[in-house]
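What does the fold of this chain look like in figures, and how do its aromatic rings pair? A short report follows.

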Amino acid sequence: MVLSKLRRKPPDPYLSQPVITERFNLVNCNRAEAIKVTAPWRNDPEILQNLMMPRTDYSPYKWAKLMGRADGHSRFTHAIVAKEIKGTIGVHKLKIDDSGTASLTIVIHARSWWGKDVFEEVRTAILDHFSRSDRVVRFYGRVLSRNVSSIYNYNKMGFRMIGYDRKVWLSPGTGEHHDSIHYEMLSEDWLKKRQIEAEANAE
């Protein structure tokens, strides 16, 4: 009984499919690929701070333990591959818990793509894809209150702010405490929103 519970579940046939947008291929990664595509983060203090990581740098071994768990069933790592340059500019991570909540993380590590609406295009495609699965009931995201661009994008996409934690995270780089903000979007609300947008565009 215990062994059966610990046995890894196979990749979800639908959810593990690649996701395509106008400018990007979102390539679903396996364990080894997830470690590789997130490697640019591990010694980038700015990215690590926005991810609320407890250190400013990580050894390859420690990073592999933290990031190498993509399985295509409940943990997904999508490499964001820009079609025009055929290169990975960032990564989107998603984890589905037993209640159907999908926790979201996105990092654009290629700074030349900052300010080019990558967040909205990628996140829209991810929500479109995962909201069609009966395994996903709710989307959840958490950001630092100083991460103005992410807050702007969550609000722009219609996420609801559901909480605000005061001085919840201590920056290892500066020794300062920071607040964090929690956002959610129900799958059914996202699908309704997209239907309304489609009908408006058809008029």
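Accessible areas come from the Shrake-Rupley method with a 1.4 Å probe; for residues, only the protein chains shown count as cover. On that basis the protein chain exposes about 11500 Å². Carbon and sulfur atoms supply 52% of it.

This is a predicted model: local features need pLDDT of at least 70, side-chain atom pairs count only at pLDDT 80 or more, and totals for chains, interfaces and linings use all residues. Residues are numbered from 1 along each chain as its sequence is written, and side-chain values use heavy atoms, with hydrogens and water left out.

The protein chain has seven helices and eight strands. These are DSSP runs (helices H or I, at least four residues; strands E, at least two), numbered from the N terminus. The C-alpha trace spans about 50 × 45 × 40 Å along its principal axes. Buried residues (under 20% relative accessible area, 1.4 Å probe, protein chains only) make up 46% of the 203 residues.

The structure holds seven aromatic pairs. Rings of Phe, Tyr and Trp (its six-membered ring) pair if their centres lie within 6.5 Å; planes under 30 degrees apart count as stacked, over 60 as edge-to-face and the rest as tilted. Tyr-154 and Tyr-183 stack, 4.9 Å centre to centre with 5° between the planes. The two residues sit in separate elements:

| Residue | Element | Element range |
|---|---|---|
| Tyr-154 | helix 6 | residues 148–156 |
| Tyr-183 | strand 8 | residues 177–186 |

The pair therefore ties together parts that are 29 residues apart in sequence. Both Tyr-154 and Tyr-183 are buried.

Key: Buried means under 20% relative accessible area, exposed over 50%, partly exposed in between (1.4 Å probe, protein chains only).
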